[in-house]
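User: I would like to learn how to read features in a protein model. Could we go through them one at a time?
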Amino acid sequence: MNEIQSTPYRVAAQPYYRPLANEVDLYEAAYAVRMPVMLKGPTGCGKSRFVEYMAWKLQRPLITVACNEDMTAADLVGRFLIDINGTVWRDGPLTLAARIGAICYLDEVVEARQDTVVVIHSLTDHRRTLPLEKKGEVVEAHPDFQVVISYNPGYQSLTKDLKPSTRQRFGAMVFDFPAAETEVEIVAHEAGVEAQTAAKLVEVAQRSRNLRGHGLDEGISTRLLVYAGRLIAMGIPASDACRMALVRPITDDPDMQDTLDAAIDTFFGV
Ligand SMILES: Nc1ncnc2c1ncn2[C@@H]1O[C@H](COP(=O)(O)OP(=O)(O)OP(=O)(O)O)[C@@H](O)[C@H]1O
Ligand SMILES: [Mg+2]
């Protein structure tokens, strides 16, 4: 085992990932040519799980950064810190990933300010370098390094978007909730419930997804279905599990809650 493979960033065990189409092949090809990749899709549809799976499959370390609007370029790149010996440079996650040849996954990238996001530009074009201006060093990215970004276009507003010059450095893969039979398989596997129970959970989710834009910002995600299934597997009655894990998290509107509760009672019986 080499030094990189033993870093804490290595995905040690195979993550469970159920392919939805040809996304594994597409990603492998993108990685082979070191094309930066953007993953778009609703919350809880499997984007992060997919990246973990691909990092495992490609045997690359994975460094994930959850982006937010307070994040600065220094949070990504690194900064000088003062310790008892004086000033020491500490690499940020992007620099570390570039040095060790990791997949650097910038989650919810539109949350970051545009002046922060531009620091990835020189790493995501032919240069594959990262200038550390404060330190006076130019890091040449390791040949295995790759940048992956993800975001949810549904939350996008005019003030939160990626510049064209950022977008056009990436190939894009669009994710959505799986087809019903596939989602049943995923929920049954992840929650440890019978396919019959998983199928009812998926039915409820599909009703909620039809209400997107009609009182709901987002439908019930696969992630929430897994939570509900796990509660049911613990012996919690389905109606309570679904109210807690599927309905109350996604809306505060009492009418919408009633509508979704009724769907639960239809599928699980009262
Ligand atoms: N194709 C899939 N194979 C296996 N598990 C899946 C798949 N899709 C979704 N899941 C399940 O759904 C859960 C949520 O997925 P994940 O965390 O990857 O969502 P996400 O798209 O990254 O959401 P967010 O945008 O909120 O970060 C996973 O923990 C997993 O249990
Ligand atoms: Mg995620």
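User: In this predicted model, does tryptophan 89 count as buried or exposed, and why?

Analyst: The idea is to compare the relative accessible area with a cut-off: buried means under 20%. Tryptophan 89 has 18% relative accessibility, so tryptophan 89 counts as buried.

User: Which aromatic residue pairs with tryptophan 89, and at what angle between the planes?

Analyst: Rings are read by the distance between centres and the angle between planes, and planes over 60 degrees apart count as edge-to-face. Phenylalanine 80 and tryptophan 89 lie 5.1 Å centre to centre with 75° between the planes, which makes the pair edge-to-face. Phenylalanine 80 has a relative accessible area of 38%, so phenylalanine 80 is partly exposed.

User: How many aromatic pairs are there by this rule?

Analyst: The count comes to 6 aromatic pairs. In one of them, the ring centres of tyrosine 27 and phenylalanine 50 are 5.6 Å apart and the planes stand at 85°, so this pair is edge-to-face as well. The pair links distant parts of the chain, since tyrosine 27 belongs to helix 1 (residues 23-32) and phenylalanine 50 to helix 2 (residues 47-57), 23 residues apart. Both tyrosine 27 and phenylalanine 50 are buried.

User: Which residues do ring pairs link into a cluster?

Analyst: The cluster is made of Tyr17, Tyr27, Phe50, Tyr53, Trp56 and Phe175.

User: Where does the charged end of arginine 34 sit?

Analyst: A charge can sit over a ring, and the distance to the ring centre is then the value to read. The charged end of arginine 34 is placed over the ring of tyrosine 31, 4.0 Å from the ring centre. Arginine 209 gives another case: its charged end sits over the ring of phenylalanine 177, 3.8 Å from the centre.

User: What is the phi of arginine 34?

Analyst: The general idea is that most residues other than glycine have a negative phi. Arginine 34 has a positive phi, near 55°. Arginine 34 lies in the loop between helix 1 and strand 1 (37-40). With 23% relative accessibility, arginine 34 counts as partly exposed.

User: Where is glutamine 59, and what is its phi?

Analyst: Glutamine 59 is in the loop between helix 2 and strand 2 (62-66). The phi of glutamine 59 is near 60°, again a positive value in a residue other than glycine. A relative accessible area of 28% makes glutamine 59 partly exposed.

User: How many bridges join strand 3 to strand 4?

Analyst: To read a strand pair, look at the bridges and at the direction of the strands. Strand 3 (residues 78-83) and strand 4 (residues 86-91) run antiparallel and are joined by 6 bridges. One bridge puts isoleucine 82 together with threonine 87 of strand 4. The two strands form a hairpin, with 2 residues between them. As a general point, side chains in a regular strand alternate between the two faces of the sheet.

User: How many residues lie between strand 6 and strand 7?

Analyst: Strand 6 and strand 7 form a hairpin with 4 residues between them. In the turn, glycine 136 has a positive phi of about 70°. Strand 6 (residues 129-132) pairs with strand 7 (residues 137-140) in the antiparallel sense over 4 bridges. Proline 131 stands opposite valine 138 in strand 7.

User: What is the volume of the largest pocket, and which residues are closest to its centre?

Analyst: The largest pocket holds about 520 Å³ of space. Its lining has 23 residues, and Gly44, Cys45, Gly46, Arg49 and Arg223 are the closest to the centre. Helix 2, strand 5 (103-107), helix 7 (180-191) and helix 9 (222-233) each give two or more residues to this lining. Helix 9 supplies the largest share, 5 residues. By type, the lining divides into 10 nonpolar, 5 polar and 8 charged residues.

User: What share of the protein is buried?

Analyst: Of the 270 residues in the protein, 48% are buried. Leucine 246 in helix 10 (residues 238-247) is an example, and its 0% relative accessibility is why leucine 246 counts as buried.

Technical notes:
Residues numbered from 1 in each chain as written. Chains lettered and ligands numbered in written order. Predicted model: local features only at pLDDT ≥ 70, side-chain atom pairs only at ≥ 80, totals over all residues. Heavy atoms only, no water. Pairing = 2+ DSSP bridges. Phe/Tyr/Trp six-rings, centres within 6.5 Å; stacked < 30°, edge-to-face > 60°. Buried < 20%, exposed > 50% of the residue type's maximum accessible area, 1.4 Å probe, protein only. Lys NZ or Arg CZ within 6 Å of the ring centre and 35° of its normal. 1 Å grid on protein atoms, 1.4 Å probe; cavity = no way out; pocket = protein on both sides within 12 Å on 5 of 7 lines; lining within 4 Å. Points joined across faces, edges and corners; volume = space filled by probe spheres on them. Nonpolar A, V, L, I, M, F, W, Y, C, P; charged D, E, K, R; others polar.
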